[in-house]
Amino acid sequence: MIHFENVTKRYPGGHEGLSNASFHITPGEMVFLTGHSGAGKSTLLRLIGLLERCTRGQVRVGGRNLAKIKRSQIPYHRRKVGMIFQDHRLLNDRTVFDNVAMPLVVAGLRHQEISRRVRASLDKVGLLNRERVYPITLSGGEQQRVGIARAVVSKPPVVLADEPTGNLDPALSQEIMDLFLQFNQVGVTLLIATHDLDLISNMGRRILTLGQSRLLRDTAASLP
Amino acid sequence: MSNLHLDTWLLRHLQVALASLGRLCRAPLATLMTTAVIGIALALPTGMHVALSNIQQLAGGWDGAATLSLFLKQEVKEQQAMQLANRLRAHPQLAKVQLIDPDLALEEFQRLSGFKGALQALERNPLPTVLVVEPHQQQSTPEAAEALMAELNQLAEVDFTQLDLQWVRRFHAITEIARRGVMVIGLLLGLAVLLIIGNTIRLEIQNRKSEIEITKLIGGTDAFIRRPFLYNGLWYGLSGGIFAWLLVTLSLWTLSEPVERLAGLYQSEFDLSAIDCQTLGLLLLGSTLLGLFGSWIAVGRHLSSIEPN
């Protein structure tokens, strides 16, 4: 599903965000990405979402070489990649419902279809009763769940999460991880960047470890 | 495009257009201020255009009244003058011929000029017989009237002819300059409107930066992101045009009474005419296009610089 072949990202000024990274994530896999701050986790995710383009090497997502995607085609690529952020990136002047509906509105779905899917998505993250409120009135954990609902509402085959539990206490973090596990069970490919090793160590999933912009270790899943 | 696609496409545009209108209405003071600035900028050239049209309409009435005065030679007798008058009445290009007898003219002159004593001191009547001829309407252009004058000048009985067209020509020249002036002012103020709308949209783009970033992150195309801003510009332009129309109409209404009184003093039936449909249509279309174009420029310049990080 996600192929990296000798991928290097060099920023203007010479700093390398990622050096010569190669790995392959198969469809339906759930993979964690760890490493200290500045190790290149975010850069790697940004390359997959085409927020950046790599300087060398090749990134392929769903069989498609991202270097071949023209600027005007980037939106259609991003519709197939759900993204979740540490700071949620919600719009505070819109209700929870409207926030979650955004990817569907952008894709031009009909109103009834949007309502149905948004409710299903909010139901999945346990916030169906909060659809009319504004995100600012929700707790951090709830806001993150709204962000997750928005990322999965259009049923993208790939979901990326950048430190989704960064601001949450262990119990809430566990809740979020349980949600990801549920998505993974229905076949979504997940790549989750986190530095919370305690949280992921006993989940038995594959872990890619980055350090100084390089891929240091690729720990295979211990669970079948 | 299938019908279904066309339907959703139209529906989406309608939704965005209404949402944009709603957004403007939720900030009525800011919207009104922008609208007023655009309206005033557009009202100036529109008002000047309407004033000019009115003046030209007024001048149109004078154009037709261009008459020729044929001053006959002193030796021409009254009998001969009447014969000439009858001959000219048969002329295909002339509508009306009026003979002014020198004695009657002198009498009138004495009465009106106040030089009665001085004129009575004269031994004989110095005034020639005058024929006032009025060409047909189609001969009333300055060129045709001049050709007619040359022709009548050839007549043996005529000493000289006078055509009071000079002032009409000058007037035409002045209105032509005014018309150009209005055009230049219109162009400059149109440019100003473009800049006003561009700047307003630029501020709006900055205010909604995070929304644009997030929309880009979730796969919103440039067209999708651009659309609400273009509709904003369109609404600004249209409302500015309507505002300008109201301003001009109000000004005309304020002016109409004194103008009517003035026209009455000149025994004229002249009436200030309001903006005609064509001008109104052009104003509204022009302002809407200016709004759309202004926001297009702003969106093109600023939207691509906002990329999610």
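In the predicted model, the centres of domain 1 and domain 2 of chain A, taken over C-alpha atoms, are separated by 24 Å. Domain 1 comprises 1-80 + 169-219 and domain 2 comprises 86-155, the bounds being those of an automatic or database domain assignment. Six residues from domain 1 of chain A and eight residues from domain 2 of chain A form the contact, where two residues are in contact if their C-beta atoms, placed from the backbone, lie within 7 Å. On the domain 1 side, four residues are nonpolar, none is polar and two are charged; Ala, Val, Leu, Ile, Met, Phe, Trp, Tyr, Cys and Pro count as nonpolar, Asp, Glu, Lys and Arg as charged, and the others, Gly among them, as polar.

The radius of gyration of chain A is 17 Å, in agreement with the value near 17 Å for a compact globule of 224 residues (computed over C-alpha atoms; the rule is 2.2 Å times the number of residues to the power 0.38). Of these 224 residues, 42% are buried, that is, have 20 or more other C-beta atoms within 10 Å of their own, with C-beta atoms placed from the backbone. Seven helices and ten strands occur in chain A (DSSP runs, H or I of at least four residues and E of at least two, numbered from the N terminus).

Between the chains, 13 residues of chain A contact 14 residues of chain B. Helix 2 (74-78) and helix 3 (96-107) of chain A each give two or more residues to this side, which divides into eight nonpolar, one polar and four charged residues.

Residues are numbered from 1 along each chain as its sequence is written, chains being lettered from A and ligands numbered from 1 in the order in which they are written. For this predicted model, local features need pLDDT of at least 70 and side-chain atom pairs count only at pLDDT 80 or more, whereas totals for chains, interfaces and linings use all residues.

Terms used
Buried ≥ 20, exposed ≤ 12 C-beta atoms within 10 Å, placed from the backbone.
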